[in-house]
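Here's a walk through a protein model, taken one region at a time. Have the viewer open and follow along.

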Amino acid sequence: MPKRPTPGLPTREQILDFITTSPTPAGKREIARAFGLSAQDKIALKALLKDMADEGLIDSAPGRAFHKLGGLPKVTVLRIADVDDGGNVWAVPEKWDAETPAPRLRVRERKNGALAVGDRVLARTEEAGNGWIAHPMKSLARGEELILGVLHEENGKLWLQGVEKKERREFQVSDAGGAKPGDLVLAEKAGRPPRITARVTEVLGDPFAPRSFSMIAIHKLGIPTAFAPEAIEEAHRVAAQPLGAIGDGGREDLRHLPIVAIDPADARDHDDAVWAAPDDDPANPGGWQAIVAIADVSFYVRPGNAIDKEARRRGNSVYFPDRVVPMLPEELSADICSLKEGVDRAALVCDLRIAANGTLSSWRFTRAVIRVVANIAYEDAQASIDAAREDDALLPILTPLWGCWKALSKARAARAPLDLDLPERRVMLDEKGRILSVAPRERLDAHMLIEDYMIAANVAAAKALETKKAPVMYRVHEPPSREKLVALKDYLKTFGVEFALGQVIRPGTFNHILEKIGEVDFRPQIMEQVLRTQTQAYYAPDNHGHFGLALGSYAHFTSPIRRYADLLVHRSLVDAYKLGDGGLTAGEAAAMEKIGQSISTLERRAMEAERDTIDRYVAAFLATRIGEVVDVRITGVASFGFFATVEGIGGDGLMPVRDIGREYFRYDEAGRRLVGEETGTEYASGMRLQLRLAESNPVSGALRFEMVEGGGRPAPEPRQTRVIKKRGRPANIRHQGKKR
């Protein structure tokens, strides 16, 4: 039974009214001052406030201020949750313990466009009518308060080691939260410098268990994995809706065409399917007709619905060796929108006429119903073409696809897009998630065939929307900057390769460099440096062309299951061609620039997550080979050492300069190499050599190497390094320590 207020104390109602209407945060001191309480009354007030908290009437905010339970503190930390089609910015409280749903606050930005989804701000809150307004006071660091790491015990104390390769510090754990040594945890920093500790907020489990490496990336980068209940319910509802009328103004019936979907053997969804045949139009001699059928996601995911909001929040699906984090609920992405063999599916179809030289003569877009006759793995499609067996039922379908592709290949060769044959690593797992192998993914003609059909459809989509003067979400890849070209020139010079800056730079310019050097040992390094010279592609409604593909107009149209940009292009086509419901709204058209910026950022997040996870799998695969001598190739050189990758597998590791040898090594910055001052021994990018694998950390994905000559000797004593700069010469690295 709660205590009754002491005479002279304000009532519960008076306190609630005061903290609700106070223009500043209201703590015990402010309440006492407002009601003129004596020292004795203040003791009673403390007890009353505790009673009110126990009764669920009020809650305390940071700084000991109070607010009405279910309401918001006057000043609190908010996280930006959404930017709507009208450019309005919405935020939610970073912490919310009430049983009622957290309120959404409309943010009044000081500078339009300054805040993005995921940003954190300290804000003053204001209740306005039936909603809330937030006035940002200060931007806060994004996610710096949480550390993802692994606990270990040393001298009876728990320590947290972060999973980041660059994180060298360890933090003593002040509150383990039930976690044990070896657990992967999320923790927040506590205390003040120089004594910063870690407090565990969530236990994620065993970091070395199968399928844990992708979860590390998911937690580290904040990739959403759960869909809102209303999105799941909506997916179930729309998946059951009929495809609508077929023929006579409805969907075009293409079920008679032997359309096939060619995908990776481990594909989890099927966006696209293709068909081709010789064109019987006399106006297109030697030409081809091709169909590129893409899942009609815009039919199911309408602008502004619950699924659409979730899709925009994700921006794209994220693919890991052991799982996929889909952009759409699985009932859509893996089922009703996936172009599966033998079932009717809604498709948005690009009908192409292709000339004998591979150029696009014409195109048409329509909604259709298709029935894929086969889902074929790349390897199986290639095997059918190579074997050319008469009893192969797929051969009559695949042969014209290859014939049309030969025409498309002519157009590709004529425009000379950037051609960098950099291998992609493929991690193979068994049914329990254990690593079977890590190897480069084989590059087949079948891969390039599908790639060229998709490029043709993407070009047609962009040009079709331009013709209709409709909004386009372009895939933009701008030419390299002069600064990067100068850096490339200096780099190539160290290999004796000349590169003129005065010429018009085209993709073929870089291809010519690779043709000129031929199959030399340092070819992979040149290709990687050419790749680093390129700008990063992005999405935008303004067209600046696609440099890498040597195309003037290019948009992503072929993967709406896994990319939000493609869904926007579909909606614009539906609207421009009057194909029914689900077209682009005026609000979306007005917000294309902001949406483009958002999905470009989310794409980079996905790429980082996928790359980091592959590195962890590779490190786990190599962890069984600690102490072995492995073949490596130097991929980068710095003043503190060089980085090398294990041949045929990948995984980058550091060979510290202090452990290379007994002599002093000078860093030649222009040549990006380390040079021994006594022997002239060089370590430069592109060199192949053998090193001993000294360390392989699956949690961080980091490797460390030792020189083979070191044998089983103990590690060298720590030696300090200082950089001596001499006029007219590169910086020298001097090791101060005992000579052995």
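This is a predicted model: local features need pLDDT of at least 70, side-chain atom pairs count only at pLDDT 80 or more; totals for chains, interfaces and linings use all residues.

In what sense do strand β4 (residues 75-83) and strand β7 (residues 120-128) pair, and over how many bridges? They run antiparallel to each other, and five bridges hold the pairing. Pairing here means that DSSP finds at least two bridges between two strands. Helices (H or I, at least four residues) and strands (E, at least two) are DSSP runs, numbered from the N terminus.

Residues are numbered from 1 along each chain as its sequence is written, and side-chain values use heavy atoms, with hydrogens and water left out.

Back to those strands. β4 and β7 belong to a closed barrel of five strands, in the order β4-β5-β6-β8-β7, with mixed pairing. From one strand to the next, the twist averages 50°, taken between axes that are lines fitted to C-alpha atoms (for helices over the stretch in contact), with angles from 0 to 180 degrees between N-to-C directions. As a reminder, strands of a sheet pair through backbone hydrogen bonds, either parallel or antiparallel.

Now zoom out. The protein has 17 helices and 36 strands, and 49% of its 740 residues count as buried. Buried means under 20% relative accessible area, exposed means over 50%, and partly exposed is in between (1.4 Å probe, protein chains only). Among contacts (heavy atoms within 4.5 Å) between residues at least 6 apart in sequence, 64% join residues at least 24 apart.

For a covered strand, go to β17 (residues 288-295), where eight of eight residues are buried. Strand β16 (residues 272-278) pairs with β17 in the antiparallel sense over seven bridges, and Val 274 stands opposite Val 292 in β17. β17 also pairs with strand β20 (residues 344-354), antiparallel again, over eight bridges. There, Ala 290 has Leu 352 in β20 as its bridge partner.

Helix α4 (residues 212-221) is mostly covered too, with seven of its ten residues buried. Among them are Phe 213, Ile 216, Ile 218 and Leu 221. Just after α4, Gly 222 takes a positive phi of about 70°.

Next, the inside space. There is one cavity of 30 Å³ or more, and the largest cavity holds about 40 Å³. A cavity is a set of points on a 1 Å grid over the protein atoms alone where a 1.4 Å probe fits but cannot get out, and lining residues have an atom within 4 Å of a point. Its lining includes Ile 223, Arg 314, Leu 602 and Arg 605. Helix α17 (residues 592-622) gives the most to that lining, with three residues.

Last stop: Leu 436, in strand β24 (residues 435-440). Is Leu 436 buried or exposed? Its relative accessible area is 52%, so Leu 436 counts as exposed. Leaving out residues up to four places away in sequence, Leu 436 touches Met 428, Leu 429, Asp 430 and Phe 621. Phe 621 is 185 residues away along the chain, yet the C-alpha atoms of Leu 436 and Phe 621 are separated by 8.4 Å.

Terms used. On a 1 Å grid over the protein atoms alone, a cavity is a set of points where a 1.4 Å probe fits but cannot get out, and a pocket is an open set with protein on both sides within 12 Å along at least five of seven lines; lining residues have an atom within 4 Å of a point. Grid points are joined across faces, edges and corners, and a volume is the space filled by probe spheres set on the points.
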